[in-house]
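Work through the exercises below with the sequence and the model side by side. Try each task before reading its solution.

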Amino acid sequence: TREARATNGERDMKTKPSSFAKPPTNYIDDYYGVFQDVHVMMFIGFGFLMTFLKRYSFSSVGVNFLLGAFVIQWATLVNGFFSLAPIGFDRNGIEVDIQSLILSDFAAAAVMITFGAVLGKISPSQLLVVAFVEVIFYGLNVMIGEHYFQAVDIGGSMFIHTFGAYFGLSLAGVLDKKRARKGQDKESSVYHSDVFAMIGTIFLWMFWPSFNGALATESARHRAVVNTYFSLAGSVTSSFIFSQLFHRRGRFEMVH
């Protein structure tokens with residue numbers, strides 16, 4: 001009968017693979033857009049942000065590129081290992097999907113923040129060693145915070161930004177003091193370095209809502225994006241106002 005044929009047709013549609021059907025464990029359609037936004041932040045935003053020093057503009061962009069490419073590979077393994085550690089290693093192995101790639105970019109963000117604290121003080125090969133070690137402690141910190149403390153850090157303010165900043169400050173603190181003092185005359189900026197740093201700042205500013213809401217879903221992502229958007233807009237307005245107020249000639253200061 002017609003109803004029987006329709007029922008069989010619906011059953012076939014459910015059982016036959018379709019090129020338009022979204023795989024049950026592949027969230028590429030939901031996450032690829034924000035993944036690319038975060039990717040732009042890591043390689044363009046942070047890369048050009050670090051060009052504020054006049055002597056290290058090329059090194060900033062180039063080494064940032066190198067560190068990012070290395071960390072996203074290493075962090076995929078480390079994050080996968082620490083995600084299995086609390087529940088046992090009896091699974092088939094580390095899962096690699098679009099969400100794990102975003103988490104790897106988050107680990108790269110922590111390393112980039114650390115990079116900013118020691119910019120121009122250590123060589124690229126030393127930075128690779130630092131990144132190798134930092135990613136391990138980053139993954140351990142995230143595992144302890146999320147699994148044992150049940151902490152929720154949707155924007156990464158604790159696990160990414162605070163961790164990367166304090167790791168960088170600790171690293172800068174153990175560097176040779178004489179060597180650090182010698183570089184003080186190179187810590188100034190010039191016109192073009194500030195312009196490129198501003199370009200990086202704007203890229204970070206544009207895509208920060210995607211960073212904060214990357215791993216959230218539905219209404220939680222919506223709230224993260226909207227709240228971050230208005231926070232960013234308000235911070236820019238306030239920064240320009242106070243920059244002019246605190247400048248002795250009433251001008252905007254690029255450093256602010």
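Buried means under 20% relative accessible area, exposed means over 50%, and partly exposed lies in between (1.4 Å probe, protein chains only). This is a predicted model, in which local features need pLDDT of at least 70, side-chain atom pairs count only at pLDDT 80 or more, and totals for chains, interfaces and linings use all residues. Residues are numbered from 1 along each chain as its sequence is written, and side-chain values use heavy atoms, with hydrogens and water left out.

**Exercise 1. The whole protein**

Task: State which elements the protein has, and how much of the protein is buried.

Solution. Start with the elements. Helices (H or I, at least four residues) and strands (E, at least two) are DSSP runs, numbered from the N terminus. The protein has nine helices and zero strands. Read from the N terminus, the order is α-α-α-α-α-α-α-α-α. Next, take burial. Of the 256 residues, 34% count as buried. Accessible areas come from the Shrake-Rupley method with a 1.4 Å probe; for residues, only the protein chains shown count as cover. The accessible surface is about 15,900 Å². Carbon and sulfur atoms hold 63% of that surface. Last, look at contacts, meaning heavy atoms within 4.5 Å. Among contacts with a separation of 6 or more, 77% join residues 24 or more positions apart.

**Exercise 2. Two packed helices**

Task: Describe how H4 and H6 pack.

Solution. Two packed helices are described by the angle between their axes and the distance between the axes. Axes are lines fitted to C-alpha atoms, for helices over the stretch in contact, and angles run from 0 to 180 degrees between N-to-C directions. Helix H4 covers residues 98-117 and helix H6 covers residues 157-174. Their angle is about 35°, and their axes are 7 Å apart. The residues in contact include Phe 106, Ala 109 and Ile 113 of H4, and Phe 163, Gly 164 and Phe 167 of H6.

**Exercise 3. Positive phi**

Task: Say where Gln 150 and Glu 218 are placed, and whether each is buried or exposed.

Solution. Gln 150 sits in the loop between H5 and H6. Its phi is near 55°, a positive value in a residue other than glycine. Gln 150 counts as exposed because its relative accessibility is 58%. Glu 218 is in helix H9 (residues 218-246). Glu 218 has a positive phi of about 50°, although it is not a glycine. Glu 218 is exposed, with a relative accessible area of 72%.
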